[in-house]
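The following exercises are meant for a reader new to this structure. Please inspect the view below before reading each solution.

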Amino acid sequence: MYKSCVSASVGEFRPPARLLLGPGPSDVHPRVLRAMAAPLLGHLDPAFIAMMEDVKTLLRAVFGTANELTIPISGTGSAGMEACLVNLLEPNDTAVIGVNGVFGTRMAEVAERAGARVVRVEAAWGEIVRAEQVEAALRQCTQPKLVALVHAETSTGAWQPLADASRLARAHGALFLADCVTSLAGVPVDVDAVGIDAAYSGTQKCLSCPPGLSPVTFGPRAIEALGRRKTRVQSWYLDLSLLARYWGEERVYHHTAPISMNYALREALRLVFEEGLEARYARHLLHHRALAAGLEAMGLTLAAQPGHRLPMLNAVTVPDGIAEERVRASLLERHGIEIGAGLGPMRGKVWRIGLMGESCRRASVLLVLVALEEALRAEGKQTPPGAALASAARVYAA
Ligand SMILES: Cc1ncc(COP(=O)(O)O)c(C=O)c1O
């Protein structure tokens, strides 16, 4: 009786049509969705193991690394963050962490929970952490173990340069960790060329795969540090030396791999390389430029520091007197477009428009500009009708 009531009242879930232009997840290609619907294999089936090898090879290519230990962690981007920090840090180690938004703040908290002494290198939200600040922090530390920065700060839209900080970390004998959750497959990451010792990402941003896996890569210096640990990694689930035995040659069961998510990631990566990395980066830049031109024509401004604005995440300052939430609701209800709200101190002050992976296309830019113009007019902000579209069109025509 109870069971029949439940099945009668809880029908099949049919998600409404959406254009995902928020901070992630982004739209997913039908081929990726189809891959997820493929029959399951066991996590030690030779066919699945062969598929895991493809995922590792493709991940190395997208990270720009020869690192053998390049694998997807089971879990979202935060699981990758936690995996990197709990494996690389031991209690009382010193970690220098750039904090200029939500995700630097989160890294600092995870590192503290791992028992590390955290030196926060702070910058205003929307700005980058400058290399001189990192250097000054490193000078204060005796034996820093790790420097960590967020490459693409999704909460603010700031595009953090990494090369100088990586060089400084090495000069001070520290490892260099980069959060590439939002940057991977949208802008160059180049792990080996930049000298990144460890990095993590997420599947639901520019890889355009559903959320659920967190690709990580560990280079030789990071692996050496793992080997020198005096204490066991506090997390059994995220202990890389255990995970490496499943993803490496031994194939020892650790936990049941999320089979369908790995199929999806493989297909999403195949799509990335069918397009080509350079073409993909150029596409993200082009649509960002068109969006920025359209926003400017409407009298809107981007919140991140000029010269360091991410292509795939555009934090737009909400003009005075506009109800931030009502505009987002109008986009969702009238056009099925999701954009993101501000987080932390930027709550109510910015909209976050993502142009990530599959969502990063001309139709998205044009539609969101039209929808925003309409919503702003309803809020009483007069913008010259069609000016945003004309400015975006000029970028595309150039
Ligand atoms: C830069 C950055 N780091 C880490 C995360 C955490 O990822 P997740 O929400 O997938 O756990 C996010 C998510 O938006 C992010 O943008």
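Two exercises with worked solutions follow.

This is a predicted model, in which local features need pLDDT of at least 70, side-chain atom pairs count only at pLDDT 80 or more, and totals for chains, interfaces and linings use all residues. Residues are numbered from 1 along each chain as its sequence is written, and side-chain values use heavy atoms, with hydrogens and water left out.

**Exercise 1.** Determine how Tyr246 and Trp247 are arranged as an aromatic pair.

Step 1. Rings of Phe, Tyr and Trp (its six-membered ring) pair if their centres lie within 6.5 Å; planes under 30 degrees apart are stacked, over 60 edge-to-face, and the rest tilted.

Step 2. Two aromatic pairs are counted by this rule. In the pair of Tyr246 and Trp247, the centres are 6.0 Å apart and the planes make an angle of 75°, so the pair is edge-to-face.

Step 3. Buried means under 20% relative accessible area (1.4 Å probe, protein chains only). Tyr246 is buried because its relative accessibility is 1%, and Trp247 is buried because its value is 5%.

**Exercise 2.** Identify polar side-chain atoms of Ser78 and Thr182 that lie by oxygen atoms of the ligand, and give the distances.

Step 1. A polar contact is a pair of N or O atoms within 3.5 Å.

Step 2. For Ser78, the distance from a polar side-chain atom to a ligand oxygen is 2.6 Å. For Thr182, the corresponding distance is 3.4 Å.

Step 3. An N or O atom in the side chain of Lys205 lies 2.6 Å from an oxygen atom of the ligand.

Conventions:
Buried < 20%, exposed > 50% of the residue type's maximum accessible area, 1.4 Å probe, protein only. Polar contact = N/O pair within 3.5 Å; in protein donor to acceptor, adjacent residues only side chain to side chain.
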